[in-house]
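Please find my notes on this model below, as numbered points.

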Amino acid sequence: MTEQEQALKVLRDQIDSIDKQIHVLLNQRATCAQRVAEVKQQYQGNEIAVFYRPEREAQVLKRVMERNKGPLADKEVARLFREIMSVCLALEKPMRVAFLGPEGTFTQQAALKHFGHSAQSAPMTTLDLVFREVEAGAAHYGVVPIENSTEGMATHTLDLFKRFNLRICGELELKIHHHLLINDNTDPELITRIYAHQESFAQCRSWLEANYPRVDHVAISSNAEGARLASLEVGAAAIAGDMAVDLYRLRILERNIEDQSDNSTRFLILGDQDVGPSGDDKTSILMCAHDKPGVLYTLLEPFHRHGISLTRIETRPAHQGGWSYLFYIDFEGHADEPQVQKVLSDLEASSVELKLLGSYPKAVL
Ligand SMILES: C=C(O[C@@H]1C=C(C(=O)O)C=C[C@H]1O)C(=O)O
């Protein structure tokens, strides 16, 4: 054995021994999670036991990142623990998560980032169906896009919160990188049409004008569907992300064609449970108000008075006849905290229609 082989053997023996310990510890952790499930069931009375606890998962991930000393990066260890919790939760109860499909969308990527790969992700053809599936109890949770850093709010999602009585149980952000994709039989010089979702065309507008000014843009229901078509048609290209590349066996002609390099989308987790405080939370509400002088002041003044920071405010027509508006507001804090409760009761007293969409842990990953 050479000196190098000897050194490698010593290190590999160490790795084998560490792996054994990790393995034992993983199963010990899984056994604890199984016991947690038993306790949850035992103490739930007549109510349905809630297995997924976003506030607890957020705390676990935060602590992992805080105590991390490397050499693994904070986000990388958190990602590993995300998957460990995912398998443990699946032992308690396999989670079915509805997302805006088909397979290969950014929303599916978001679902897997948030719940880990042990969750069963169920593609829905429309956003309405994601809401419906969760409301009907056919899926435990749903994942929907809410805003993009380049293009702004997903207004359709906002309108659905008014129609459905669901809770927001979590949020996450995903970097959105778009690629121009073709199949192996397509000549890059002979592309006649590009498929993509309208939103993605908008996020790549300048790049497309500079590089493909005379090619047809065909707006389609999802990038994944565009990728599927581009995998079948000669002369077609699609704009889509990494997941679609593998799924539809496409070739990346040009990488990262989004106009803003930090292009990212925020997603929300829909459920029907009230999530407890994690210590670092956000709350979302919908308010409906008529167009009269000072209305915005009435809505926002309580936040200022009680020292609560807004993180987002968005206005939509309320579709109730006349000039009524719907305000979607995100702010710091949890509905269980006294200052937040004061804001909510002041708003209710000022006779605006108020719908609490939920308090949930701020995105960790
Ligand atoms: C183990 C629990 O159940 C689930 C699994 C978790 C984990 O593996 O750490 C954390 C929260 C829950 O989603 C728990 O509630 O503590």
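1. Which exposed residues does the face of α12 turned away from its buried side carry? They are Pro-338, Ser-345, Glu-348 and Ala-349. A residue counts as exposed if 12 or fewer other C-beta atoms, placed from the backbone, lie within 10 Å of its own, and as buried if 20 or more do.

2. The model is predicted: local features need pLDDT of at least 70 and side-chain atom pairs count only at pLDDT 80 or more, while totals for chains, interfaces and linings use all residues. Residues are numbered from 1 along each chain as its sequence is written.

3. Val-340, Val-343 and Leu-347 of α12 are buried. They lie on the same side of α12 because they cover an arc of only 60° around the axis, taken from the directions from the helix axis to the C-beta atoms. The cover over the buried residues of α12 includes β12 (281-290), α11 (295-305) and β15 (353-361). Helices (H or I, at least four residues) and strands (E, at least two) are DSSP runs, numbered from the N terminus.

4. The order β13-β14-β12-β15 describes an open sheet of 4 strands with antiparallel pairing; two strands pair if DSSP finds at least two bridges between them. β13 (310-317) and β15 are the edge strands, each pairing on one side only.

5. Strands β12 and β14 (residues 324-332) run antiparallel and are joined by 9 bridges. In β14, Ser-324 is the bridge partner of His-290.

How values were computed:
Contact = placed C-beta atoms within 7 Å.
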